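This report describes a protein chain for a reader who is new to structural models. Please keep the sequence and the model in view while reading.

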Amino acid sequence: MHSVTLYHWEPNANSGKPMLALLEKGVAFESHYLDLLAFDQHKPEYLAVNPQGTIPAMRHGERVLTESTAIMEYVEECFPGPRLMPADARDRWRVRWWMKLMDQWLGPSFSMFGWSVFVGPAVRARDPKELDAAVERIPLPERRVAWRKAISGQFSAEELAESKRRCELGGRREWLASPQYSLADINGFNLAYALPVSQPHLANDDVTPNIMRWLRAIYARPATRKCWAYGRTNLAKRVAILEQPHIGAVREGA
Ligand SMILES: N[C@@H](CCC(=O)N[C@@H](CS)C(=O)NCC(=O)O)C(=O)O
């Protein structure tokens, strides 16, 4: 058996996707924590693993795998344990349909909230020269832009409004894509779990009860609890909001 190492930040967003898939399947892995707020992901040691300087990456034996959703599919196919993809071809198509929607459309909007509400304020007080130098070292131009906007708080009103519009989705099903819990739910949970904290007027038990039920059902799973135990900072504490039995509606900005 080849060993598995997961290079990750807090057990959320893209890092949380492969981590939760590994834990659901009971795959033993070595955890390699990178502090995103300390720019560990752009240091030469990690660029030797993933030259794009983004998290997560997974090493399996000699193989290095990147792209969180593709890693989840690799984990599902390579390892025994509970199936995280349905047997029915149409259901599998639906799981992939949802994952594409989340990665391309919902995820970037949820991420924008995360970067404007949590990441930017967490680093903004540091020495501007140091921050500037750290941003200059980022390999991907689009990540440089995201960091600059987060640091200066310059996400435009239009892009934030569009992101809010994308959050105003309801839901009726038990699981996102198929009658069983699947990779689509793991993907969606990791992108959406913090919405009740960052957008309390959009995600709460009065406005989006089924989304709240779905988030709590995933949070209650043993693998999810193990996953969150890898958190090290206050960012990882946001998920505890799902322990509240009822989160009522609030006015925007309240
Ligand atoms: N499409 C990639 C995106 C990876 C990504 O951008 N990850 C974020 C963290 S969630 C990151 O590494 N950001 C580092 C940075 O912007 O400096 C995936 O799904 O793995």
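## Two neighbouring helices

Helices H3 and H4 are roughly antiparallel to each other, a term used for angles over 145 degrees. Their axes cross at roughly 155° and come within 11 Å, with H3 covering residues 68-78 and H4 covering residues 89-123. Here the axes are lines fitted to C-alpha atoms over the stretch in contact, and angles run from 0 to 180 degrees between N-to-C directions. Thr69, Met72 and Glu73 of H3 meet Arg96, Met99 and Asp103 of H4, where contact means heavy atoms within 4.5 Å. By class, this contact has two nonpolar, one polar and three charged residues. In that scheme Ala, Val, Leu, Ile, Met, Phe, Trp, Tyr, Cys and Pro are nonpolar, Asp, Glu, Lys and Arg are charged, and the others, Gly among them, are polar.

The model is predicted: local features need pLDDT of at least 70, side-chain atom pairs count only at pLDDT 80 or more, and totals for chains, interfaces and linings use all residues. Residues are numbered from 1 along each chain as its sequence is written, and side-chain values use heavy atoms, leaving out hydrogens and water.

## The chain as a whole

The secondary structure comes to eleven helices and four strands; these are DSSP runs numbered from the N terminus, with helices (H or I) of at least four residues and strands (E) of at least two. The radius of gyration is 18 Å, close to the 18 Å that the globule rule gives for 254 residues, so the chain is as compact as a globular protein of that length. This radius is taken over C-alpha atoms, and the rule is 2.2 Å times the number of residues to the power 0.38. Along the principal axes, the C-alpha atoms fill a box of roughly 55 × 50 × 30 Å.

Buried residues make up 51% of the 254 residues. Buried means under 20% relative accessible area, exposed over 50%, and partly exposed in between (1.4 Å probe, protein chains only). Helix H10 (residues 209-219) has several buried residues, including Met212, Trp214, Leu215 and Ile218. The cover over the buried residues of H10 includes H8, helix H9 (195-198) and helix H11 (222-228).

## Individual residues

The table gives the relative accessible area of four residues.

| Residue | Relative accessible area | Class |
|---|---|---|
| Ser178 | 2% | buried |
| Tyr46 | 2% | buried |
| Ala13 | 29% | partly exposed |
| Glu67 | 55% | exposed |

Ser178 lies in the loop between helix H7 (157-167) and helix H8 (183-192). The side chain of Ser178 reaches the backbone oxygen of Gln180 at 3.0 Å. Beyond its neighbours within four places in sequence, Ser178 is in contact with Pro86, Asp91, Val95 and Arg173.

Tyr46 is found in helix H2. Leaving out residues up to four places away in sequence, Tyr46 touches several residues, among them Tyr7, Leu34, Ile55 and Pro56. Pro56 itself lies in the loop between helix H2 (44-47) and strand E3 (57-60).

Most residues other than glycine have a negative phi, and most peptide bonds are trans. A cis peptide bond joins Ile55 and Pro56, with omega about 15°. Ala13 has a positive phi of about 50° although it is not a glycine, and Ala13 lies in helix H1 (residues 13-25). Glu67, likewise not a glycine, has a positive phi of about 75°; Glu67 lies in the loop between strand E4 (63-66) and H3.

Conventions
Polar contact = N/O pair within 3.5 Å; in protein donor to acceptor, adjacent residues only side chain to side chain. Parallel < 35°, antiparallel > 145°, perpendicular 65-115°, else oblique.
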